[in-house]
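Welcome! Here is a short briefing on how some side chains sit together in a protein model. Keep the structure open as you read.

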Amino acid sequence: MQQEQFEYDTVRFKSVGLRYGNGPEILQDISLTLTPGSFHFLTGPSGAGKTSLLSLLYLARRPSRGSVELFGQDVTSAPRHRLPAIRRRLGVVFQDFRLLDHLSALDNVALPLRVAGASEAEIQRHVPELLSWVGLASHMQAKPSVLSGGQKQRVAIARAVITRPDLLVADEPTGNVDDRTAIRLMHLFREMNRLGTTIVIATHNEQLVRQMRHPRLHLEGGRLSILQPEEG
């Protein structure tokens with residue numbers, strides 16, 4: 001299993017461009033390789049294309065030109081019926097949370113496990129433990145409507161990591177929490193990375209980027225550069 005995991009790169013972009021409609025290219029000539037188990041921050045000013053790049057990673061969009069490979073599979077023109085199996089290997093933390101309002105915190109986090117066919121015994125063993133770890137032990141049965149922005153953020157993060165995905169993509173995952181909670185959540189991401197998950201985190205938090213000391217994918221004017229921590 002371990003050998004199979006490293007036969008391909010997690011992500012490979014080749015000369016990728018992205019435009020919306022007939023507008024100018026938001027992303028230009030992006031070539032990028034993310035190896036299994038790597039950890040990168042995604043940085044850049046507002047409007048640089050960070051969310052657009054993330055949308056290509058979690059298959060919400062396809063590039064206007066160039067090619068995108070995930071887990072060794074070219075997803076640029078792959079038929080739609082092949083995409084769900086690839087998506088099940090992804091964990092995504094959206095900036096706007098995207099929780100289901102009619103489900104409790106526990107059931108929101110459990111949803112990916114249920115979709116994957118996990119038993120209720122497994123769900124009850126793992127989900128409460130993770131919610132407790134992110135500080136939501138007393139809010140497991142709460143619906144999103146009564147949770148604060150920071151609490152919703154933590155539910156969204158727990159939902160993204162519960163299946164131990166091969167690739168985790170997070171858009172400003174610490175934007176709604178205090179500094180202490182942000183560090184705790186970053187340690188969760190680091191532990192997942194230690195277990196083999198490839199991580200890409202978009203953030204404006206320069207202090208966090210400097211403190212965690214991982215390479216950054218930096219977007220400026222739609223073009224990508226890769227900076228090592230000492231270049232930050």
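Which residues does Ile201 touch, not counting residues up to four places away in sequence? In this predicted model, Ile201 touches Phe39, His40, Phe41, Leu42, Ala170, Pro173, Met186 and Phe189. The points below take you from that residue to its core, and then on to the aromatic rings.

**Nonpolar cores**
- Ile201 belongs to the largest nonpolar core, which has 41 residues.
- Together with Val127, Leu131, Val161, Leu168, Met186 and Phe189, Ile201 is among the residues that touch the most other members of this core.
- Two or more residues come from each of these elements: β3 (39–43), α4, α5 (120–133), α6 (149–161), β7 (167–171), α7 (179–194), β8 (198–202) and α8 (206–212).
- There is also a second, separate core of 32 residues, and Val11, Leu27, Leu56 and Ile86 are included in it.
- In soluble globular proteins, nonpolar side chains tend to be buried together.

**Aromatic pairs**
- The model has two aromatic pairs.
- One of them joins Tyr58 and Phe94 edge-to-face, with 5.2 Å centre to centre and 85° between the planes.
- Tyr58 sits in the loop between α2 (50–57) and β4 (65–70), while Phe94 sits in the loop between β6 (90–93) and α4 (105–115), so the pair ties together parts that are 36 residues apart in sequence.
- Both Tyr58 and Phe94 are buried.

**Arginines over rings**
- Arg184 lies over the face of Trp133, at 4.2 Å from the ring centre.

Key
Residues numbered from 1 in each chain as written. Predicted model: local features only at pLDDT ≥ 70, side-chain atom pairs only at ≥ 80, totals over all residues. Heavy atoms only, no water. Phe/Tyr/Trp six-rings, centres within 6.5 Å; stacked < 30°, edge-to-face > 60°. Helix = DSSP H or I, 4+ residues; strand = E, 2+ residues; numbered from the N terminus. Buried < 20%, exposed > 50% of the residue type's maximum accessible area, 1.4 Å probe, protein only. Lys NZ or Arg CZ within 6 Å of the ring centre and 35° of its normal. Core = buried A, V, L, I, M, F, W, Y, C linked by side-chain atoms within 4.5 Å. Contact = heavy atoms within 4.5 Å.
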